[in-house]
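This report is meant for a reader who is meeting the structure for the first time. Please look over the sequence and the model before reading on.

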Amino acid sequence: MNSADDARLLAAARAARANAYAPYSKFSVGAALLCEDGTVVTGVNVENASYGMTMCAERTAVFTAVASGKTRFAAIAVAGPPGVTTPPCGACRQVLAEFGRDLRLSYATADGTVTTTVGDLLPATFVLP
Ligand code: THU
């Protein structure tokens, strides 16, 4: 993975935003998950009239990938509205960490892109003893 790969993945996350279902917040988020087999699985936020039922884009992507038998990931990118810094929420960090603290993670910011790892974003991941 290099910064050109990160940029391509972020472009896929941005494109996915078109399918977000966010009638309440109007805050569309897209995620693109690069699986180790080279496929890219996208996800979007899916909101609900019962607000707490909302699912984030990152978890939609992870759960979709797992449902098709993919559990080994190389990188994920997350994009919110243009110009808005959109790092993954705490719940998504914990879910991503399940599949590897070393997972490379890029997110759009107000003035560019940050590339880090899930472990850096969630230093004290919960694990079952
Ligand atoms: N959202 C995501 O999809 N991912 C995140 O990491 C943070 C927030 C969504 C949830 C909700 O639909 C909207 O953004 C506003 O919170």
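## The ligand and its surroundings

The residues of the shell around the ligand comprise seven nonpolar, three polar and two charged ones, and the model in which they are found is a predicted one. This shell is made up of Ser25, Phe27, Val29, Asn45, Glu47, Thr54, Cys56, Ala57, Glu58, Pro87, Pro88 and Cys89.

| Residue | Part of the residue | Distance to a ligand oxygen atom |
|---|---|---|
| Glu47 | side chain | 2.5 Å |
| Ala57 | backbone | 2.9 Å |
| Cys89 | backbone | 2.9 Å |

Of the 370 Å² of accessible area that the ligand has on its own, the protein covers 78%.

Just after H2 comes Gly69, which adopts a positive phi of about 90°.

Helix H3 has buried residues of its own, namely Cys92, Arg93, Val95, Leu96 and Ala97. These buried residues pack against H2 and E3, and also against strand E4 (104-109) and helix H4 (118-121).

Notes. Residues are numbered from 1 along each chain as its sequence is written. This is a predicted model: local features need pLDDT of at least 70, side-chain atom pairs count only at pLDDT 80 or more; totals for chains, interfaces and linings use all residues. Side-chain values use heavy atoms; hydrogens and water are left out. Helices (H or I, at least four residues) and strands (E, at least two) are DSSP runs, numbered from the N terminus. A residue is near a molecule or strand if one of its heavy atoms lies within 4 Å of it. A polar contact is a pair of N or O atoms within 3.5 Å; within protein, one must be able to donate a hydrogen and the other to accept it, and residues adjacent in sequence count only if both atoms are side-chain atoms. Accessible areas come from the Shrake-Rupley method with a 1.4 Å probe; for residues, only the protein chains shown count as cover. Ala, Val, Leu, Ile, Met, Phe, Trp, Tyr, Cys and Pro count as nonpolar, Asp, Glu, Lys and Arg as charged, and the others, Gly among them, as polar. Buried means under 20% relative accessible area, exposed over 50%, partly exposed in between (1.4 Å probe, protein chains only). Contact means heavy atoms within 4.5 Å.
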